Amino acid sequence: MNASDIASQSKELASEAANLAQQAGELAANADVLVAAGTGAGGEPFVFLFTVFVLACFVGYYVVWSVTPALHSPLMGVTNAISSVIIVGALVAAGPADMSISKVMGFVAVALASVNIFGGFIVTQRMLQMFKKKQK
């Protein structure tokens with residue numbers, strides 16, 4: 001597989017991702033209207049939001065599996081960095097002054113997301129070292 005093939009495949013994936021992002025934006029706009037009206041998925045907001053979550057899982061699965069093997073490791077390394085959003089939410093959950101299950105779960109989420117972030121960057125660093133020219 002040469003560089004032009006990889007470049008063309010990455011352009012195709014970028015256009016597919018842009019289309020998916022546009023469709024997700026339209027779905028989110030419709031979701032806001034339905035949740036505000038209280039009529040999402042038969043009047044039950046939880047069922048509607050859970051359905052959106054399941055659909056997002058399927059879209060994410062198919063997007064990741066359609067990536068070429070040459071681009072898979074960098075993609076996964078960078079998506080591990082997105083776990084920093086989890087840390088922000090976990091810090092909010094761990095913030096209450098009283099000792100509760102949310103504080104414990106927030107601490108666990110912070111610890112696991114930190115391992116995920118740093119591990120992803122270590123894997124990406126090692127992968128990038130494989131592509132460097134060896135100096136004599």
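Mentor: Let us begin with a nonpolar surface patch of about 770 Å², which is made by M99, I101, V104, M105, F107, V108 and L112. A patch here joins residues with over 30% relative accessible area and no salt bridge, like charges within 9 Å and nonpolar side chains (Val, Leu, Ile, Met, Phe, Trp, Tyr) within 5 Å; a salt bridge is a side-chain nitrogen of Lys or Arg within 4 Å of a carboxyl oxygen of Asp or Glu. Accessible areas come from the Shrake-Rupley method with a 1.4 Å probe, and for residues only the protein chains shown count as cover.

This is a predicted model, in which local features need pLDDT of at least 70 and side-chain atom pairs count only at pLDDT 80 or more, while totals for chains, interfaces and linings use all residues. Residues are numbered from 1 along each chain as its sequence is written, and side-chain values use heavy atoms, with hydrogens and water left out.

One member of the patch, I101, lies in helix α6, where helices are DSSP runs (H or I, at least four residues) and strands are runs of E (at least two), numbered from the N terminus. I101 counts as exposed because its relative accessible area is 64%, the classes being buried under 20%, exposed over 50% and partly exposed in between (1.4 Å probe, protein chains only). Helix α6 (residues 101-130) has 30 residues and reaches 44 Å from its first C-alpha to its last, close to the 44 Å expected at 1.5 Å a residue, the expected span being 1.5 Å times one less than the number of residues. The buried residues of α6 are G106, V110, A113, I117, G120, T124 and M127.

L75 sits in helix α4 (residues 69-81) and is partly exposed, because its relative accessible area is 30%.

As for the whole, the protein chain has six helices and zero strands, and buried residues make up 14% of its 136 residues. The mean pLDDT, the predictor's confidence in each residue from 0 to 100, is 75 for the protein chain, with 79% of its residues at 70 or more. Confidence is lowest in helix α2 (residues 40-43), at a mean of 51, and highest in helix α3 (residues 45-65), at 86. Where pLDDT is low, the predicted coordinates should not be read in detail.
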